[in-house]
Amino acid sequence: MKRLVCVSNRISLPRRSAAGGLAVGVLAALQRIGGVWLGWSGETSDEPRAEPEVTVRDNVRYATIDLRSAELDRYYNGFCNSTLWPLFHYATGRFRYEYEDYEAYQAVNAQFARQLAGLLRPDDVVWVHDYQLIPLARYLRRLSFDGPIGFFLHIPFPPLQVLRVLPSHAEIVRDLCQYDLTGFQTEDDLHAFESCLELPAHAIAHVRNGSQLEVDGRTVRLGVYPIGVEADEVASEATEAMGEETVQRLIASLLGRKLIIGVDRLDYTKGLTERFGAFEHFLTTFPDNQGKVTFLQIAPLSRSDVLAYGEIRLALEQVAGRLNGRFGEADWTPVRYINRNFSHATLMGLLRASQVALVTPVRDGMNLVAKEFVAAQDPEDPGVLILSPLAGAARELTGALLVNPYDKRGIALALQTALHMPLGERRRRHEQMLGAVRRHDIHHWYREFLRDLTGERILGDSAAAATKSVDGLPQRESGRSGGRREVGAGRGVQDGSR
Ligand code: ADQ
């Protein structure tokens, strides 16, 4: 029986609350299919134990490793979040590079590979997630693991002229060719990656056969797998959460005013300072809205040790304060700006209670909040999504009002349009988007990826339940059948663990 083994930098441990799209996706796959999830514990140690610490919850084994304190800062704050993150989001102005950070990145990837190798069985299927672990397959192959290894990039992939800013860009491209399957969020990302195969200085010797490449005697497949959400579960969470005290108190506090919502990790790629500026422009250009709308921005802090994140936090506190000082009344605060996490269910309720969502990243791999907003709406009286075309989600959510995140006037106009949009148009737009969100939901995402990686169809419901043991992928779909497995059955992780 094959097992699915997912690897990511951080994992979403049971009963911990965290905001982050990767964790939502991996957790959904593992909870449905079962398997192992290896990642950093969040702790450091001078001499990490050779074996990961394993916690078993329902059908998921959570295996965590400590990182060396000496390497963590250079690996995580350095190469991951000051080098690769800005570069992959085309933010070359924020790009920092230190060779020692790159060395730490390699050392941590080698450590991940060693600890993973200790856990693996020969017929396991390994699925590596995101930019923190690009070299992992190379190290794992050196340790003689011969099974299928897939990689999914949750963030955008930049075009060659941007990637070349990185001195070790050719190694990054070569390492992404060490997998059996490398997946991207959108066609644009895939094409950007393909453009990098033609690197003039260190051309990667490859033979192309459709979406397959032959590199160094290995075959690597490339594909596009837009990540989605658990559409049905979001809808039921949102409906139920409307009765929760937090959501009811929010609604009561609005005194009938319309609610505009934004939900983003506090990150410069999410376009938050630009968004606050656009809201200020909106209140100035359309003054009738003063006193009549409230903008709720939920922005949990992330990567606080990276300088750029401290800077954006300060900038947002200033602009929120200025806005409230300038427009606020004794009984009305235009912007409610909060940095805390909520349980996923409560968050879905807050999305449902909102008439408009502002999702205006300056660059985003996909953006799950946009899809969650759509799935959380009441289809009879849906809210309006204002979406940046620079988010991967814009490819599918064509019923959104698309606005350039830097265009204050455009966002102000879109807000005015959204707040006054007739019900018929809201329904039409929502229907298109809900169709897309349901078609490409989270189960579709991991099934398609795992099917392409293993050559087998991962059913994840009746047949999967019938064919898998505690933590296994189904061997074959043929000849298996059984009752439909309940959505979310076997969930071991409590509310708030995302
Ligand atoms: P993120 O940049 O983290 O994800 P996103 O896709 O929007 O962005 O996912 C955020 C997730 O965290 C959502 O599920 C949201 O509900 C949740 N969340 C946000 N704020 C929260 C809060 N205060 N409390 C609780 N939960 C909160 C990265 C990439 C994206 C890509 C995803 C998935 O940057 O482009 O869409 O991975 O691949």
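A: Two strands count as paired if DSSP finds at least two bridges between them. Strands (E, at least two residues) and helices (H or I, at least four) are DSSP runs, numbered from the N terminus. The model is predicted: local features need pLDDT of at least 70, side-chain atom pairs count only at pLDDT 80 or more, and totals for chains, interfaces and linings use all residues. Residues are numbered from 1 along each chain as its sequence is written, and side-chain values use heavy atoms, without hydrogens and water.

Start at β8. Four bridges join β8 to β9 (residues 212-215), and the two run antiparallel. V207 has E214 of β9 as its bridge partner.

Now the whole sheet. It is open, with 10 strands in the order β3-β4-β2-β1-β5-β6-β7-β10-β9-β8 and mixed pairing. β3 (53-57) and β8 (206-209) are the edges; each has a single partner strand, so one side of each lacks a neighbour in the sheet. From one strand to the next, the twist averages 25°. Helix α16 (residues 442-454) packs on the sheet. Among the strands it touches are β1 (4-10), β5 (125-129) and β10 (218-224). Contact means heavy atoms within 4.5 Å. The direction of α16 makes about 125° with that of β5. Axes are lines fitted to C-alpha atoms, for helices over the stretch in contact; angles run from 0 to 180 degrees between N-to-C directions.

Next, the packing. A nonpolar core is a set of buried Ala, Val, Leu, Ile, Met, Phe, Trp, Tyr and Cys residues joined through side-chain atoms within 4.5 Å. Buried means under 20% relative accessible area (1.4 Å probe, protein chains only). The largest core has 102 residues; Y75, F88, F112, F157 and F279 touch the most other members. Helix α2 (residues 69-88) gives the largest share, nine residues. Domain 1 (4-228 + 441-468) and domain 2 (231-439) both contribute, so this core lies between them. The domain bounds come from an automatic or database assignment. Beyond four places in sequence, F279 touches I260, V293, F295, L323, P334, V335 and L415. A second, separate core of 68 residues includes W37, W127, A393 and L397.

D264 sits in the loop between β11 (258-263) and α10 (272-285). D264 is buried, at 4% relative accessible area. Its contacts beyond four places in sequence include K270, Q297 and P300. The D264 and R275 side chains make a polar contact at 2.7 Å. Such a contact is a pair of N or O atoms within 3.5 Å; within protein, one must be able to donate a hydrogen and the other to accept it, and residues adjacent in sequence count only if both atoms are side-chain atoms.

Technical notes. Buried means under 20% relative accessible area, exposed over 50%, partly exposed in between (1.4 Å probe, protein chains only).
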